[in-house]
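Dear colleague,

I am passing on the structure we spoke about, with the sequence alongside.

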Amino acid sequence: MIMTLDNIIQEIEKAQSIVILTHETPDGDAIGSSLAMRVALKQIGKEPDVVIREVPKIFDFLPGRDEIKSDSDIEEYDLAISLDCADFKRLVGNEYFEKAKQTIVIDHHGSNKMYGDINFVNPVAPACCQILIGMFQYFDIKIDKELGTCILTGIITDTGGFRYSGVTPETFEFTAELLEKGVNVSEIYKRVLETKTKANFELMKRTVNRMEFLEDGKVTFTYITNKDLEEVDAKIGDHEGLVENGRDIEGVEVSVFIRQRDNDENTYKVSMRSNDYVNVSDVCLMFGGGGHERAAGAIVQGDIEQVKQKVMKELKKVI
Ligand code: 5GP
Ligand code: MN
């Protein structure tokens with residue numbers, strides 16, 4: 001059911017125990033929105049738990065990072081809030097969500113499955129964090145330096161540093177306000193976008209070397225295996241940004257990057273990015289995934305060659 005902000009604040013006020021959850025392999029928007037929600041709810045007298053099992057090291061600077069739990073003793077929360085996650089299957093800690101008395105989903109994916117009791121989904125928002133700005137203003141929550149840092153981290157990561165088409169006038173207005181409040185925008189930018197881990201750099205070298213141009217140069221394809229991840233000692237999040245190298249080459253419409261899954265050798269996580277006209281969310285939906293028009297993902301069975309064939313068969317129809 002789609003409900004209003006009044007329904008959301010009523011449920012938050014009623015709840016004694018609240019858990020905040022987000023999607024697997026969490027990025028800046030996932031972690032930023034979760035920590036922002038925590039700071040905001042504390043302001044109105046709540047003590048929410050944030051459960052995220054793996055947090056990339058680059059987000060260690062975020063306010064409240066040390067309060068993140070990998071599990072909780074509470075089994076049955078009064079309220080579970082899911083942030084930036086389109087699909088119940090991808091929600092880490094979805095056992096808490098399932099058992100909670102009341103559930104709220106806040107997201108910006110057009111492919112959201114509306115799996116909460118209350119669903120607040122705005123597919124034109126460039127980041128889940130940007131939805132939170134309007135929401136917090138409506139709730140009379142003060143957006144201070146701490147809260148602003150969490151929110152801006154999500155906006156900067158999901159818009160590729162204010163570059164993607166989803167950016168709105170509000171994105172810049174909000175950033176300008178935060179600058180006035182003393183939030184160090186360039187520092188956040190540098191930490192979340194410009195600093196690469198050594199392992200990420202090593203993986204980039206491999207994916208760039210292996211990159212193939214298909215369909216008259218309109219598609220790039222590259223991959224990473226578990227052996228690669230092991231050899232470079234990759235940690236959670238070290239694959240981030242690799243799919244973007246292909247997308248940024250002249251003449252390319254779709255970049256495809258596949259990464260072997262550690263729990264099943266014969267399964268790959270597919271990431272896609274497009275430039276102008278291919279809706280990669282629709283393509284990924286064919287494999288049970290989803291995302292946004294210009295950035296999406298799915299899980300596909302097979303070895304590298306089989307996954308490539310399956311993906312290319314679908315892409316040929318739309319390229
Ligand atoms: P990435 O390629 O960075 O992993 O993901 C790009 C976008 O697609 C993100 O917004 C992410 O939430 C979404 N996405 C990635 N993988 C999946 C998936 O398996 N299922 C769904 N529904 N969305 C996905
Ligand atoms: Mn997001």
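In this model, which is predicted, strand 9 (264–274), strand 10 (290–291) and strand 11 (295–301) each supply at least two residues of the shell around ligand 1, and strand 11 gives the most, with four residues.

There are 13 residues around ligand 1, of which Arg-90, His-109, Lys-269, Ser-271 and Arg-273 come nearest. Sorted by class, that shell is made up of seven polar, three charged and three nonpolar residues.

A polar backbone atom of Gly-290 is 3.2 Å from a nitrogen atom of ligand 1, while an oxygen atom of ligand 1 lies 3.3 Å from a polar side-chain atom of His-292. For Gly-297, a backbone N or O atom lies 3.5 Å from an oxygen atom of ligand 1. On its own, ligand 1 has 500 Å² of accessible area, and the protein covers 87% of this.

A search of the whole structure finds zero disulfides. Cys-129 is in no disulfide, and the nearest cysteine sulfur, which belongs to Cys-128, is 6.3 Å away; Cys-129 is buried, with a relative accessible area of 0%. Cys-284 is likewise in no disulfide, the nearest cysteine sulfur being that of Cys-85, 15 Å away, and Cys-284 is buried, with a relative accessible area of 0%.

With best wishes

Notes:
Residues are numbered from 1 along each chain as its sequence is written. Chains are lettered from A and ligands numbered from 1 in the order in which they are written. This is a predicted model: local features need pLDDT of at least 70, side-chain atom pairs count only at pLDDT 80 or more; totals for chains, interfaces and linings use all residues. Side-chain values use heavy atoms; hydrogens and water are left out. A residue is near a molecule or strand if one of its heavy atoms lies within 4 Å of it. A polar contact is a pair of N or O atoms within 3.5 Å; within protein, one must be able to donate a hydrogen and the other to accept it, and residues adjacent in sequence count only if both atoms are side-chain atoms. Accessible areas come from the Shrake-Rupley method with a 1.4 Å probe; for residues, only the protein chains shown count as cover. Ala, Val, Leu, Ile, Met, Phe, Trp, Tyr, Cys and Pro count as nonpolar, Asp, Glu, Lys and Arg as charged, and the others, Gly among them, as polar. A disulfide is a pair of cysteine sulfur atoms within 2.5 Å. Buried means under 20% relative accessible area, exposed over 50%, partly exposed in between (1.4 Å probe, protein chains only).
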